[in-house]
Amino acid sequence: MNRDGLELLRRGAGILGVEIEAQLPAFEQLFTLLQEGNERLNLTALRTEEDIVLKHFVDSLTCLRGSYLEGPLTVMDLGTGAGFPTFPLALVKPQLQFTPVDSIRKKVEFVRDTAVQLGLSQVTPLVGRAEALGRSADHRDRYDRVVVRAVASLPVLAELALPLLREGGLLVAQKGAITPEELNAGRRAAGEVGGKVQVVDPFELPVSGDARTLIVIEKLKPTPSKYPRREGVPNAQPLF
Ligand code: SAM
């Protein structure tokens, strides 16, 4: 990462109030590994230094708004892709135990290799689909938090994530601008799967000013056993 990239990262994190000075070398290493991985595996559409720093690193750190990720917590990152938001969050919050999940094996292998190279032993990547994990005894009702970025619409996320949470656990969904229709459908879906939308927090991505919304759904009671429906159905036929 060149000097401009480092300054952009410092500036973005500074606006968010996230202290990253000690982690800058690790972010530089992550940047290099991501570029190498992209050349081999075509992992992410974001290629320029500015895009990677702002739209992967700083953007992932915005999940820390509102302090829903404080303390020792188990966190599933659903649909992690090349490891976002897991990596930036794991670098600055070492007390979080991450399970980044994706259905695409080559992405998870990249995340696994990268976690080892960064020395992040608290990151345990997993190949799988949310629909299957949500019905497996090893993962259902287990996690303190599920974080998601850029995976699906809110009603789909509610059905995929709530079964994985323990009661009292939180889905922290980082999205772009959300329409009233999607939010309304998300509220209804959350109710159907045992949860409630507790927070809708619109904000701007530092530096670029792009619209973002952090949405928090709390699991209040057990998710009915018929959810999640079988693979592909939540997306093809959203609950609302
Ligand atoms: N969260 C990453 C980010 O913000 O850069 C990746 C976003 S990418 C657009 C969405 C990822 O979610 C893809 O890698 C896809 O394979 C994964 N995904 C979508 N639906 C999934 C499901 N039901 N179970 C597991 N992974 C899923």
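Buried here means under 20% relative accessible area with a 1.4 Å probe, protein chains only, and helices (H or I, at least four residues) and strands (E, at least two) are DSSP runs numbered from the N terminus. This is a predicted model, in which local features need pLDDT of at least 70 and side-chain atom pairs count only at pLDDT 80 or more, while totals for chains, interfaces and linings use all residues. Residues are numbered from 1 along each chain as its sequence is written, and side-chain values use heavy atoms, leaving out hydrogens and water.

Back to α3 (residues 49-61): 10 of its 13 residues are buried, so the helix is largely enclosed by the rest of the structure. Among them are I52, V53, F57 and V58.

Two of these lead us to L9, whose contacts (heavy atoms within 4.5 Å) beyond four places in sequence are M1, I20, L24, F27, V53, F57 and V58. L9 and F57 are also among the members touching the most others in the largest nonpolar core, which has 50 residues. Such a core is a set of buried Ala, Val, Leu, Ile, Met, Phe, Trp, Tyr and Cys residues joined through side-chain atoms within 4.5 Å. Helix α2 (residues 24-41) gives the largest share of this core, seven residues.

Now for the sheet, which is open, with seven strands in the order β3-β2-β1-β4-β5-β7-β6 and mixed pairing. Its edge strands are β3 (126-127) and β6 (195-204); pairing requires at least two DSSP bridges.
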